[in-house]
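Please look over the model below before reading on. The notes after it are meant for use beside the structure.

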Amino acid sequence: MKNITSAPTNMFTSWKIYHLLFIRLLLILLTTGISFFLFQKGLVFTAVFGVLIIFILLVEMYFYVKQAFLLFDRTITSILQNDFTSDFSKHKSYKNYSNVFKLYENLKNKQNEEVSKDIIYRSILNNIETGIIILQKQETDWNIFLMNDYFSKHFNVPKVSKWKYLKNQLPSLCEVIEEQDFQEIKTSLEIRVNQQDRQTFVLQTSRSEIYNQDYFIVLLDSIQNVIEKKEKEAWVNLMKVISHELLNSITPIRSLSQNLQDLVQQETISTEDLDDMKSSVATMLRRSDHLQQFVESYRKLAMLPSPKKEKTELLKMVENSFQIMDPIFKKEQIEVINTIAFDHRLNVDMQQMEHVLINLLTNCIYALADTEKKRIIISAEVKEKRIFIKITDNGKGIEKEIESKIFLPFFTTRNEGAGIGLTLSKSIVEAHGGYLAYQNEGKETAFVICLVDN
């Protein structure tokens, strides 16, 4: 209804302009006729007065038309020049030219919106730790449409506007791009940064045409920076775990040692003190054993031997793992279902892969601790020259918050766990050229071992 009622109003305001112009023309014609009539009757002075009125009306109509066209011209010129600084809402003729002014306001709002978006996009690009350049083609040359702060600071390049100026600063980069004629590239190259040693970067480019404008986007990522960042994160996580484990053992040992020192310094030792000493020594021994096991686990993880591959039957490897775990399955009343209906020969280190299967089955047992009908299913399939071995259980699963941490060294949710089972299993599978993945399948949890079938 709003659109229907507003249409007549707009038509009326537009008609009003022409109406006023029509009235002026009518008055001029009427005055001209009266003056001519008076002149014929011999009333010369009155006729001359009428001619004067006609002149005044003509001048007034001239300025009226001129004002109308000047207002239109000013508005259109502002739109063409993207100058939206004027405020026509307070203009005395705003109602008479409402459609033109509404067009102006709409374009003004759209420009403000585009400027806001441009500021946000540039702010995002400037805060990304990746070198970004966007080129815009002008006839046969390229201009630099955008260069983010990271690129400028990292390569010590001023924010130039022309490709030729950038080429003087970074010839090794520009030459590679020119050799490919500004087409899409994905490669690595070495660039000398700030007169230092050469660094290796991943170069990725793309080209697109938008509204008849040709753009070329260049992305540069430092391989060293990525590796150093990942290594730093890994070391920080590792040191947190190691320091946590060390403090958990050293703190009580130190406290007990202090207590033993106080007891030994006494002149006489009572039976109660002797019992405390025995208890303290036993506790220290337990914590020392735990610390030794922790260090041994780390040693195993750090010194994983290369796999000694040989042709191994898949079913035999699975059955051997089941045979080792069978007493626990029976004790915990777990139903184990082997759906592998074919035999297949794999080129693997049988002992290491059995260790992986045992680790995954052990995880399943702990996941099934609070489940009534406990079930473990193992399956396999060969697809695209790869074999996938899946171990599924209907246990409590892994919480979303810790899914990304389950393969981290020493990360565990069990009090008695060392936290290297999944890490060690992942390392073994990767040493075989495959990968170990976790899948959350609704009410079931699955670990998938993927190996190259050769």
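Predicted model: local features only at pLDDT ≥ 70, side-chain atom pairs only at ≥ 80, totals over all residues.

Residues are numbered from 1 along each chain as its sequence is written, and side-chain values use heavy atoms, with hydrogens and water left out.

**Whole chain**

- The protein chain has 11 helices and 12 strands; helices (H or I, at least four residues) and strands (E, at least two) are DSSP runs, numbered from the N terminus.
- Of the 454 residues in the chain, 33% are buried (under 20% relative accessible area, with exposed over 50% and partly exposed in between; 1.4 Å probe, protein chains only).
- Carbon and sulfur atoms hold 56% of an accessible surface of about 30,000 Å², computed by the Shrake-Rupley method with a 1.4 Å probe.
- Taking contacts between residues at least 6 apart in sequence, 57% join residues at least 24 apart; contact means heavy atoms within 4.5 Å.

**Helices H9 and H10**

- Helix H9 (residues 314–332) packs with helix H10 (residues 350–367) at an angle of about 30 degrees, and their axes are 9 Å apart. Axes are lines fitted to C-alpha atoms, for helices over the stretch in contact, and angles run from 0 to 180 degrees between N-to-C directions.
- H9 and H10 are therefore roughly parallel to each other (angles under 35 degrees count as such).
- Residues of H9 that meet H10 include Phe-322, Met-325 and Phe-329, and the H10 residues they meet as a group include Met-353, Leu-357 and Leu-361.
- The residues of this contact divide into 13 nonpolar, 3 polar and 3 charged. Ala, Val, Leu, Ile, Met, Phe, Trp, Tyr, Cys and Pro count as nonpolar, Asp, Glu, Lys and Arg as charged, and the others, Gly among them, as polar.

- Gln-352 lies in helix H10 and counts as buried at 10% relative accessibility.
- Leaving aside neighbours within four places in sequence, Gln-352 is in contact with Pro-305, Ser-306, Pro-307, Ile-428 and His-432.
- Asp-276 is in helix H8 (residues 271–302) and is partly exposed, with a relative accessible area of 36%.

**Positive phi in loops**

- Most residues other than glycine have a negative phi.
- Glu-139 has a positive phi, near 60 degrees; Glu-139 sits in the loop between strands S1 (131–138) and S2 (141–147) and is exposed at 76% relative accessible area.
- Asp-181 has a positive phi near 55 degrees, lies in the loop between helix H6 (171–179) and strand S3 (186–192), and is exposed at 52%.

Notes: Parallel < 35°, antiparallel > 145°, perpendicular 65-115°, else oblique.
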